[in-house]
Amino acid sequence: MARAALEAAQKRTAERRATRKPPGALERRKRGYSGPGPDPRDPQLIGALLGKLIKDRGWQKPNAEAKVFGSWEKVVGPDIAAHCRPVKLDDGELTVEAESTAWATQLRLMTARLLAQIAKEIGHNVVKRLNIHGPSTGRGYQGPRWVRDRPGPRDQYE
């Protein structure tokens, strides 16, 4: 009986050695709870994960540019945002469309202040210049009868 137990133990030891991984091979992760202390399997805050992903991939500049459009009302204030909208951002030049020519003129006078607010909220050197224009009118005429000798949009006063 002792001899049978010894042979069984030797057989199990031989099986373990045969299935053992060579040194340097990756071991399987333990299953179950991570235990006390930080562990990569612990739940993470989504904001922290996105921040790490943006930093790892080098997306800081596109992220800052997207913030200009996403938080326009917060950047310029609700009063100004109600009368204009950002259209495009290309090489540090932000194109803004105003709802009327009067608002376009007013925004041109406020360019330095708007650039300072954008730099404060979004970051420096994201927007270097502002290109402000009035509304696009689409057609230069209305109705079935119109005069050809007056091309282009008219003043926006109502």
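Biologist: What makes Asn125 count as exposed?
Modeller: Its relative accessibility is 60%. Exposed means over 50% relative accessible area, buried means under 20%, and partly exposed lies in between, with a 1.4 Å probe and protein chains only. At 60%, Asn125 therefore counts as exposed.

Biologist: What should I know about the model itself?
Modeller: The model is predicted: local features need pLDDT of at least 70, side-chain atom pairs count only at pLDDT 80 or more, and totals for chains, interfaces and linings use all residues. Residues are numbered from 1 along each chain as its sequence is written, and side-chain values use heavy atoms, with hydrogens and water left out.

Biologist: Where is Asn125 found, and what is its phi near?
Modeller: Asn125 sits in the loop between H7 and S3. Its phi is near 65°, a positive value in a residue other than glycine. Gly123, which follows H7, also has a positive phi, near 145°.

Biologist: Why does Asp91 count as exposed?
Modeller: Asp91 has 73% relative accessibility, so it counts as exposed. Asp91 lies in the loop between strand S1 (84–90) and S2. Its phi is near 55°, positive in a residue other than glycine.

Biologist: How many helices and strands does the protein chain have, and what makes a run a helix or a strand?
Modeller: The chain has 7 helices and 3 strands. Both are DSSP runs numbered from the N terminus: helices are H or I with at least four residues, strands are E with at least two. Along the sequence, the pattern reads α-α-α-α-α-β-β-α-α-β.

Biologist: What order do the strands take in the sheet?
Modeller: The 3 strands form an open sheet in the order S1-S2-S3, with mixed pairing. S1 and S3 are the edge strands, since each pairs on one side only. Neighbouring strands are turned by 25° against each other on average, direction ignored.

Biologist: How do you know that S2 and S3 pair?
Modeller: Two strands pair if DSSP finds at least two bridges between them. S2 and S3 are joined by 5 bridges and run parallel.

Biologist: Why is Glu97 called buried?
Modeller: Glu97 has 16% relative accessibility, so it counts as buried. Glu97 is found in strand S2. Leaving out residues up to four places away in sequence, Glu97 touches His83, Cys84, Arg85, Val87, His133, Gly134, Pro135 and Ser136. Contact means heavy atoms within 4.5 Å.

Biologist: What makes Thr95 count as buried?
Modeller: The relative accessibility of Thr95 is 8%, so Thr95 counts as buried. Thr95 is also in strand S2. Beyond its neighbours within four places in sequence, its contacts include Arg85, Pro86, Asn131 and His133.

Biologist: Which residues of H7 are buried, and why do they line one face?
Modeller: In H7 (residues 111–121), the buried residues are Leu114, Ile118 and Ala119. Seen down the axis, the buried residues of H7 fall within an arc of 135°, so they line one face of the helix. The arc is that of the directions from the helix axis to the C-beta atoms. The face turned away from that buried side carries the exposed residues Ala112 and Lys120. The cover over the buried residues includes helix H4 (72–76), strand S2 (93–98) and helix H6 (101–109).

Biologist: What makes a set of residues a nonpolar core?
Modeller: The set must be buried Ala, Val, Leu, Ile, Met, Phe, Trp, Tyr and Cys residues joined through side-chain atoms within 4.5 Å. The largest such core here has 22 residues, and among those with the most contacts inside it are Trp72, Val96, Ile118 and Leu130. Elements giving two or more residues to this core include helix H3 (60–70), S1, H6 and H7. Val96 is in contact with Trp72, Leu107, Leu130 and Ile132, among others. In soluble globular proteins, nonpolar side chains tend to be buried together.

Biologist: How many of the residues in the protein chain are buried, as a percentage?
Modeller: Buried residues make up 21% of the 158 residues.

Notes. Axes fitted to C-alpha atoms, helices over the stretch in contact; angles between N-to-C directions.
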